[in-house]
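Biologist: Could you take me through how to read a few features of a structure, giving the general idea before each case?

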Amino acid sequence: MTEQSVTQQGVNHLVVVGNGMVGHRLVSTLRARDGDGTWQITVLGEESRPAYDRVALSSYVDGASEQDLRLDDAGLQDDPLVTHHLGDAVVEVDPGGRRVTTASGRTLGYDALVFATGSYAFVPPVTGRELPGCFVYRTLDDLDAITEAAAAAVATTAPGRRSAVVVGGGLLGLEAARALRLLGLSPQVVEVAPWLMPVQVDARGGALLHRLVSEQGIAVRTGVSLTGIVRDRDRLVATLSDGVELDADVVVFAAGIRAADGPARACGLPVGPRGGVLVDDRCRTADEHVWAIGECAALEGRTYGLVAPGYAMAEVVADRLLGGSARMRPEQLDTSTRLKLLGVDVAGFGDAHAATEGALEVVVDDPVAGTYAKLVVAPPSSTGDASTLLGGVLVGDASRYGALRPLMGAPLPADPVALISTGGAEPDASALPDSAQICSCNAVTKGDLCAAIDGGAHDVPALKACTRAGTTCGSCVPALTRILQQQGVELSTALCAHFDHSRAELFEIVAGAGITSFSALLSRYGRGRGCEVCKPVVASILASLGTGHVLDGEQASLQDTNDHFLANLQRNGTYSVVPRIAGGEVTPAGLIVIGEVARDFGLYTKITGGQRIDLFGARVDDLPAIWRRLVDAGFESGHAYGKSLRTVKSCVGSAWCRYGVQDSVAMAVELELRYRGLRSPHKLKSGVSGCARECAEARSKDFGVIATEQGWNLYVGGNGGFTPRHAELLVSDVDSATLIRTIDRFLMFYIRTADRLQRTAPWIESLDGGLDHLRSVIVDDALGICADLDAAMQRHVGSYADEWAGVLDDPEKLSRFVSFVNAPDAPDPTIRFVPERGQAIPAPAPVLLGVPEVSAR
Amino acid sequence: MTTRLDTPTAVPARAGEAVSCWLTVCTVERLLPGRGAAALVGGTQVALFRLADGALHALGNIDPFTGAGVVSRGLVGDRDGEPTVASPLHKQVFALRDGRCLDDPDVRLPAFTVRAVGGDVQVGLR
Ligand code: SRM
Ligand SMILES: Cc1cc2nc3c(=O)[nH]c(=O)nc-3n(C[C@H](O)[C@H](O)[C@H](O)COP(=O)(O)OP(=O)(O)OC[C@H]3O[C@@H](n4cnc5c(N)ncnc54)[C@H](O)[C@@H]3O)c2cc1C
Ligand code: SF4
Ligand code: FES
């Protein structure tokens, strides 16, 4: 089969081999810049999926979907000048005839050919490497296969821990180990070098890294290599060079990568000394029609295993194809890396190993705090100039990476020791030259960002959209915020027109100044009368701090209508009633009472998605009588109306289930009763599963608990809703007391610092340092606030009282539950029902809009 | 002239319309400052509001966007100084003084005449 390139006059045909990150960047850049349509493009990709973000590959195991990882190709899909043939690798290139042939036998002519074939995983030539259960870690297909094998291993009932061996202790190996742990296996990392991440980190940093990684439940063996793998019944046994044998269900090779230069070699194109298609600084091979970019290219002999240099190469080739004269610049070949996983922060940049002649090393090593920092500097010149930064290593705390890396090659603004010691000088963005690269993934300099800010990009999303900074690994986002601030852009965190403060600031003000009413807060810190935004926020803050019944005094006027009537407003003005059914556990007698109440008040009844029962269609004037019956039968408010704890779902757990390893129902009930009524920035949901089968869907909850043989794993930051997110592991194998203490702190810290209507997932994301920072605050007490958080939760637990019982006991509060102040028993005539499947539902709403004024009859 | 009689034919007077008599609906005390309550005036549902500074306002109680009688249950506040109430269903904001919807120029709630006399809240009738 030969496909004629249907090129018109003046239109050239470009064939891109490889649809990875860099190939994709080339095509999107070229299409964006080739306004006249001078290039028709065909992409031939070996992988059958659309291009995706390989850098974020590991998040696939955390629950990101293929769709989440997909690179933006909206503009390319219906572009008539772009054709993709996926799942069809190029097997042969004929430079003389300017033709390529694919595995399926497709032949295409070209005017220009770009290799963007990336790398393949290197698998050391040990015996047994082909056995089932052995994998590499490079593509989504690899991860699907690993996930399947891990799930099969976890599901077996054979005794012993399910484990995995990772070959290679570099960046990839540690990412793979973390993924395997998330999949329920105990990973062991084998690294032939004397320390972990030998490329980026020096020996002392590596030793600390070893300790920190081991503390995260990952076994590490350095200085040994894998010598062979054999199958032993249904498991694998990996033998190491020191004779140790490791049992494994899964073996993952992450021992390095090799440039995918096969077709280029085969057609006689020169390759680099360590592989890779040899190109010059224009990214052109020895053949003037053939280019190579990304990991498969050996730029002036050297390959680069990071995406940023690849993107820069794509931009150069796009420019060249359009007649430009771009060349690769040395600063675009930055191989700095920051890795943040397993709760361990690591960064290496520039000349991390102090290979430069005469370089000096400045080290701050704090084994107690678990941090190590080193700067490599060129000695100050005799004229007394400041030293120049050449590189550095940060382990345990790499928060200064974003500030330090752009200083590379520049004179240091402060004493190097001060720059890396705790509490030392923080280099600020204004010290950076315009040429300093802020986003290394996308080669965006401070100058580019400032130009974009001048052009009107006044917040982080706008900067991302127009410069691409921050859109890849995200580690430069805090720097973007700093540069915005430094350019004089006010990033408003004002709650609304009445308060200039954010919710978190108001919380601190209310708590710190002991303010107990909205009017006092408004007169001292706000203006006007307030509105539907700030009133409920302040009501929630006051309630979190425990200032009595939510309908007491002025507080009653702040509550959203749901909280005001302690029920959920429905579209026809009636309310729904949700009694608490902690953990989803309910007695037959309780069920009968609910059934009777629903029958007697004509309420529509439905089982909710939260394992309890919702009674719909209650008139506001019936609410007290309905609740009198429910409270008398031992029920209490389920807070379905509040921004507060909703439900703690449970699975049946060890009490009944043959797989259960802990009593998940008892734990769910305990948690639900502990946190009931706790007002928070947004609603809170939880679940407890009795084993890793996860029947309670705990990982889709704000805090989810999964039983283990040893205790409990706590996951945080999950939700369903608009943007579903899986919760991430915060602590593992803890006992019940530790579990509850950790959740106490998690919730109180969230309540104090989150924004209005910000659920836990975006809140964790917004913390500088994310989940690791959260862990350091609530597990390691890095801010020294844990005692406060514990005490605050203790106050909540001690002062909890059922809100509905409080209303029933108070004639004044009860008097508000009337249809009309002057006709308390007259039913609201606008409420009408129609029957549906044996129950009553609201009659369709009258059509009211479209008339300029609506009279109230 | 004032009357304490509620008749099914009573019609509340729109703001600006002549008032023929006044209907007492409740005591001022009965209205929580900063909150609303519904009253039935003849066949018309009226949403009454008492602001923190004592000012009284009366609007139609039927939310024009949904047809539900819920306006009295909205949160009051201000927008650029203009006193407002937000519908509790979909949060459209209405001016308390004249019923204009500040989020949709084509929509308006009727505004009625209301006063406080001797500790009573009275709605003007046509
Ligand atoms: C009744 C129920 C549906 C049902 O019949 O099953 C329900 C009903 C409502 N949900 Fe829900 N949600 C219900 C379970 C869920 C679930 C499932 C769960 O909890 O396991 C989810 C997804 C999980 C999650 O929240 O992470 C869910 C995600 C939402 C969202 C989206 C939240 C988000 O973060 O994107 C909203 C909107 C919001 O809260 O802003 C919402 C809002 C609502 C509101 C409150 C909308 C409203 O303001 O009127 C509905 C009124 C409830 C009422 O009148 O009682 N509901 N809602 C469920 C009550 C559970 C309970 O027992 O309390
Ligand atoms: C788990 C993981 C984590 C990483 N983390 C980081 C990080 O934090 N920072 C960073 O900078 N980089 C990271 N990288 C590296 C980064 O993903 C690569 O540098 C980047 O993807 C290189 O892009 P590329 O287009 O050159 O190659 P790839 O993205 O690998 O794309 C090459 C494509 O070409 C296809 N192909 C190969 N041969 C052929 C053929 N003959 N015909 C057709 N198609 C072919 C391949 O199937 C592949 O789809 C990570 C990589 C992995 C695997
Ligand atoms: S999650 Fe609960 S119900 Fe599901 S299998 Fe495990 S113990 Fe049983
Ligand atoms: S440095 Fe990775 S996105 Fe900017």
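**Salt bridges and an interface**

Modeller: Asp247(A) counts as partly exposed, at 40% relative accessibility, where buried means under 20% relative accessible area, exposed over 50%, and partly exposed in between (1.4 Å probe, protein chains only). This is a predicted model, in which local features need pLDDT of at least 70 and side-chain atom pairs count only at pLDDT 80 or more, while totals for chains, interfaces and linings use all residues. Residues are numbered from 1 along each chain as its sequence is written, chains are lettered from A and ligands numbered from 1 in the order in which they are written, and side-chain values use heavy atoms, with hydrogens and water left out.

Biologist: With which side chain does Asp247(A) meet in a salt bridge?

Modeller: Side chains of opposite charge can pair when their charged atoms come close. The rule for a salt bridge asks for a side-chain nitrogen of Lys or Arg within 4 Å of a carboxyl oxygen of Asp or Glu. Here the partner of Asp247(A) is Arg235(A), at 3.9 Å from N to O. The pair links distant parts of the chain, twelve residues apart, with Arg235(A) in strand S15 (residues 235–240) of chain A and Asp247(A) in strand S16 (residues 245–248) of chain A, strands being DSSP runs (E, at least two residues) numbered from the N terminus. Arg235(A) is buried, with a relative accessible area of 17%.

Biologist: How is an interface read, and what is the area buried between chain B and chain A?

Modeller: The size of an interface is often given as the accessible area lost when the parts come together. Between chain B and chain A the buried area (the accessible area, 1.4 Å probe, that two parts lose on being put together, summed over both) is about 3,500 Å², of which carbon and sulfur atoms give 55%. The contact, meaning heavy atoms within 4.5 Å, takes 46 residues from chain B and 45 residues from chain A.

Biologist: How many salt bridges are counted between chain B and chain A?

Modeller: The count is two, and one of the pairs is Asp560(A) with Lys91(B), whose closest N and O atoms are 2.9 Å apart.

Terms used. Helices (H or I, at least four residues) and strands (E, at least two) are DSSP runs, numbered from the N terminus.
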